[in-house]
Amino acid sequence: MFKGMMKTVAMYAAFSVWSLIVFTSYLASAADDIHIGDLVVKQAWARATIGKGTTGAAYFTVMNNGKTADCLVSVETAAARRAGLHTHIMDGDVMKMRPVEAIEIAPSAMVALKPGGGHVMMMGLESPLDKGKAFTLTLTFENAGPVDVTVHIAGAAAKSHTGGHSNGHHKSD
Ligand SMILES: [Cu+2]
């Protein structure tokens with residue numbers, strides 16, 4: 001009886017610590033989540049530009065918690081003269097960028113724009129993208145409408161939104 005109770009207490013303690021860790025990391029990553037209707041836009045980031053480069057790419061993840069599909073149909077930012085949706089395709093052994101009209105987010109699906117895949121292409125940047133800074137990107141969804149997201153600028157060689165932070169696991173650049 002007593003032994004069983006101790007086991008329960010120990011399990012409860014372990015569970016509390018675990019839930020605290022999960023909750024803390026959830027808070028850290030949820031800070032920049034943008035909710036619009038049934039959609040959640042997460043972890044918007046861009047790579048820093050090198051030298052006088054005037055093009056840039058922005059990445060983020062969109063989750064659709066709704067029961068109907070939605071489409072990202074346009075992107076706009078004051079940071080660049082032109083912004084558009086791009087994807088990468090393989091043409092033989094060569095990876096090429098192609099403009100796309102829209103990016104669909106199916107019900108209960110998550111679409112990740114990331115290096116080597118879909119991205120927001122920015123042409124004619126007004127100023128270089130400096131690591132540690134941020135800019136605003138307006139995304140317009142067919143059903144959910146327009147929403148502003150804050151894009152954090154990571155290192156020039158970053159592979160994900162955490163690439164700009166030192167987290168002890170990998171080097172940023
Ligand atoms: Cu592109």
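Student: Where is Val-73 placed?
Tutor: Val-73 lies in strand 4. Strands here are DSSP runs of E, at least two residues long, and helices are runs of H or I, at least four long, all numbered from the N terminus. Residues are numbered from 1 along each chain as its sequence is written. The model is predicted: local features need pLDDT of at least 70, side-chain atom pairs count only at pLDDT 80 or more, and totals for chains, interfaces and linings use all residues.

Student: Why is Val-73 called partly exposed?
Tutor: Because 16 other C-beta atoms lie within 10 Å of Val-73. A residue is buried at 20 or more such atoms, exposed at 12 or fewer, and partly exposed in between, with C-beta atoms placed from the backbone.

Student: What does Val-73 touch?
Tutor: Ala-102, Thr-140, Phe-141 and Glu-142, leaving out residues up to four places away in sequence. Contact means C-beta atoms, placed from the backbone, within 7 Å.

Student: How far apart are Val-73 and Ala-102?
Tutor: They are 29 residues apart in sequence, but their C-alpha atoms are 4.6 Å apart.

Student: Which way do strand 4 and strand 10 pair?
Tutor: Antiparallel, over four bridges. Strands pair if DSSP finds at least two bridges between them. Glu-76 has Thr-138 of strand 10 as its bridge partner.

Student: And strand 10 with strand 11, how many bridges?
Tutor: Eight, and the two strands run antiparallel. They form a hairpin, with three residues between them. Phe-135 sits opposite Val-151 of strand 11, and Phe-141 opposite Gly-145.

Student: Which side chains of strand 10 are buried?
Tutor: Phe-135, Leu-137, Leu-139 and Phe-141, which point to one face.

Student: What is Leu-137 in contact with?
Tutor: Beyond its neighbours within four places, Leu-137 contacts Ala-44, Ala-58, Val-75, Thr-77, Val-120, Val-149 and Val-151.

Student: Switching topic: how many residues are in the largest nonpolar core?
Tutor: It has 34, and Leu-137 is among those with the most contacts inside it, as are Phe-60 and Met-122. Strands giving it two or more residues include strand 4 (70–76), strand 10 (134–141) and strand 11 (145–154). A nonpolar core is a set of buried Ala, Val, Leu, Ile, Met, Phe, Trp, Tyr and Cys residues joined through C-beta atoms within 7 Å.

Student: Strand 2 and strand 11: parallel or antiparallel?
Tutor: Parallel, with three bridges. Ala-46 stands opposite Ile-153 of strand 11.

Notes
Contact = placed C-beta atoms within 7 Å.
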